[in-house]
Each structure stands twice: as C-alpha cells, then as structure tokens.
Amino acid sequence: MTTMTVIGCGYLGAVHAACMATLGHDVLGIDVDAGKVEQLNNGIPPFFEPGFPELLAEALKSNRLRFSSDISEAAGRTVHFVCVGTPQKRNEYAADLAYVDAAVNALAPHLSPGAIVVGKSTVPVGTATRLADIVTDAQPTAMLAWNPEFLREGLAVQDTLHPDRIVYGLPDGEAGETAKALLDEVYENALAGGTPLVVTDYATAELVKAAANSFLATKISFINAMAEVCEASGADVTKLADAIGHDPRIGRRFLNAGLGFGGGCLPKDIRAFMARAGELGADQALAFLREIDSINMRRRVRMVDLAREFFGGSIVGRRIAVLGLAFKPNSDDIRDSPALNVAAQMKLQGASVVVTDPQAVANAQKAWPDLEYAESPQAAATGADLVMVLTEWDEYRWLNPAEFGTIVRGKRILDGRNALDREAWRAAGWQYRALGRR
Ligand code: NAD
C-alpha cells in the first residue's frame, strides 16, 4: 500500500485516484475546484464516464480515498501524481503549462524526504527536466518521474486498471532506481498481470505521448483525406477502409472516415507538439501535422456544406436536428467537439438547430446557450427538415428509419460518422448522405 496524492481531479485524475484506491493504495485527491472536491467526496461524479460512479462509491467506502482542496494535506505522503490540465494557449499552438507549474510549485514545500512527484499530464518535451529542479530544490531527496497517461475517455476505468503499457521517464542514477522501485509498487497489479513496461528518460517519456497522439491523429486524417478523394471520384471510403484494413500492417481500427477528431487531447496535443518542435529547431519534422490538423478541420466545414447541398445552397430557416454533441460516444466531454462545432456553425448560418445528446447536453448548454436543446432524438427530429448524426452513440446507430420517418418534415439524413446502415435508411425512403460516399 502506497500513500499518495492525485493533484488535479478531472477526467484523468478523478478516475486515476479512484482506481488507485480500489487497488489498495491510500489516496488523497486534490483539486483547486472546491465544488468538484465536494461532489467527489459525496460520491457524485463531476463528469460522465462509464463505470466511474460505481468505482468512486466503492473507493470512498473503503476509506482509502478522499478529496481536498488543501495542498498542505499532501505532506507526509510518498507519491504525488500531477494530473492537471495542459490546454492550448489562447491564440497560440503551444500548451499552457500554468496549471502544471502552479501544482508543482504549490506541492514543493510539502514534499517529504524520499517522496516522488509523478507527472501524468501531457506536456511538451523538456518540461520534466525543468520541474525536476523545482522538486529537488525544495526537497533534495525527493524525485520526479514522468509517467504519461494513455487512457481513453469512455473506457477510462478499464484503461486505468488494465493499461496496455506503462511508461516511466526516470532521472539518471540512484534516484532513477529509487523512483522505479516506488512506481513498481504503485503499479504492482498491472505489472504482475503482464502489462509491458518501458523505462526511459524524461524526454522520451514525454515524446511517447506526443508521438502516440500524432500517429492516431494521422491515421484518422489519412482516411478522411481518402474520403475527400472518394467523394471527388465517386468511390466509397467505407469499402476502401475495409479493404486496406485487412492488411495487418495497416489495421481497420481508427480508419472510420467521418467528422474527424476532437476532444481535450488530440487537437491541442498535435498543435503543442508542432509548437515545441519549432522551439527545438525541428519544425520541418512535424510540418505534416499542420496538414493533419487542416484535413481534420476541413471535415467540419464539409459537413455544413453537405447540409447546404440538400437545400440548394442555403440552410436559412431550415429546421435541423443534430444527434450527438460529445466529441465521442460514451463521454460528456465537449472540448473541441466536432459535433458541437458543426451545430454552432449551422446556427450562425441561419438554420434553426435542435440538438440532443445522451450525456453532453448540460456541458453544451453552458458553452452554447443559444442552441435549442431536446431530451431525445425523437424530440429533436420532430418536424425537422434534416437529421444529422454527428456523434456515433450506439442508440443512434439503431434508430428505426421507418418510425423516425414519421416524425420528421423531410426524410433527409446526414451520417457524419458513417455509423448508420445506409441501405436500411434508403429502403425507408430517406435521402442519405455521408462523408466519403456517393
Ligand atoms: P480536466 O480539465 O478534466 O482536469 C484538470 C483538473 O485539474 C481540473 O479539475 C482542475 O480544476 C484541476 N486543477 C487545475 N489546476 C490545479 C492545481 N494547481 N492544483 C490542483 N488541481 C488543479 O483535464 P483532463 O482531461 O483530466 O486532462 C488532464 C491532463 O491529462 C491533460 O494534460 C491531458 O492532456 C492529459 N490526458 C487526458 C486524457 C483524457 O482522456 N482526458 C488522457 C490522457 C492524458
């Protein structure tokens, strides 16, 4: 059993804290947001994540988990995970490290001898070396390690309890060995279960995360670029993806053409990576990421264009139902959500937009109070001239096209995620369009 803090209890930190307590560690979650701390202490998840409510309840019941906004309570604990946000800076590509710096500076005076600060936030390469100095200046026998996190929202509990790999970025020498031994104790369960461990230096550990997200973004934008060529040539991108995906070197996963990626990680991480490469004089190496980003952003514009094409070029006054607001299914996260972005663009272009989502309505309402919100896909689609599926929640995949056809004003559907059964919708009399397909 290790005594630890988890500093920053958002999508990453709250799940990490509860998982660590479930695994037997004694965990104090710390967040500057007192409202979030109170909710978590009362077993109320501040966000939607499948399996998290049960996990949180179990962890609180074990008395090995509690939350606080007082960083001085970190004193005496051995391991301190840093899980605060690293958003994109306003009007810049670079990551804003103000929260990471604030967290480490606030923690430093409370570090005990031999304690370890473990960075999990996604940071530009070089950050760990800088933070390590803050840690050792405050407590010469304390250490810093970088331990990037790869969890996927929607699968965060499973990914935290059973990660597909663990990476330690460690200092050189004896401090590195001590840090490794402490981390091995923290991750004893996963390591015993055979999870691969990669032990490396700070810079490599930081770059692993940036490289992994860049690769995933590239794969998505690759298939979306193919979708553009398919549209221009009359081909079908879903069949193309199936065919190339059979090659195990390529693989079918992450090859679903559609509205592209969003969320609190991929977009800002590839931009921060480009910015950092520029500072290092390696900007040419990542010039391709600029194209990956613009292919991705073009999808949103193209989606609105497709909507306009249904109506001869203008959506002014048209009633459009948008199904899905979260950046991906099984999440309520709307950070840089392509779905919400498209809904907002259509509203700005004069359409009457009614939106719905199984989990993300409350978050979307705060960001875009001017959109009209509905409680169900049926309520959103009643009287609609066009229905758009922009987040591929399972419940939207299985809508009944015949029944749905009786509530709309015009049977037009835009499948922004290539998630629907095209033939079934067409058979029920709908005009069906999707990105990358005739
Ligand atoms: P988030 O915005 O949901 O959570 C960040 C939390 O940190 C907030 O609750 C905020 O109040 C708190 N915070 C800010 N400053 C603080 C401080 N000084 N002390 C204590 N708490 C503070 O963000 P997130 O999605 O959990 O992401 C956190 C980090 O993890 C980011 O660097 C992100 O890139 C990375 N990451 C996220 C995911 C994911 O799926 N969300 C996956 C892998 C990595």
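A residue is called buried when its relative accessible area is under 20%, exposed when that area is over 50%, and partly exposed in between (1.4 Å probe, protein chains only). The structure is a predicted model, in which local features need pLDDT of at least 70 and side-chain atom pairs count only at pLDDT 80 or more, while totals for chains, interfaces and linings use all residues. Residues are numbered from 1 along each chain as its sequence is written, and side-chain values use heavy atoms, with hydrogens and water left out.

Helices (H or I, at least four residues) and strands (E, at least two) are DSSP runs numbered from the N terminus. In strand S2 (residues 26-30), four of the five residues are buried, so this strand is largely enclosed by the rest of the structure. Two strands are taken to pair if DSSP finds at least two bridges between them. Strand S1 (residues 3-7) runs parallel to S2 and is joined to it by five bridges; within this pairing, Val 6 stands opposite Gly 29. The chain passes from S1 through helix H1 (residues 11-22) to S2 in a right-handed β-α-β crossover, a term meaning that, with the strands pointing away from the viewer, the path from the first strand over the helix to the second runs clockwise. S2 also pairs with strand S3 (residues 65-68), in the parallel sense and over four bridges.

An oxygen atom of the ligand lies 2.8 Å from a polar backbone atom of Leu 12, and a ligand nitrogen atom lies 2.8 Å from an N or O atom in the side chain of Glu 153. Taken alone, the ligand exposes 830 Å², of which the protein buries 88%; these areas come from the Shrake-Rupley method with a 1.4 Å probe.

Conventions. A polar contact is a pair of N or O atoms within 3.5 Å; within protein, one must be able to donate a hydrogen and the other to accept it, and residues adjacent in sequence count only if both atoms are side-chain atoms.
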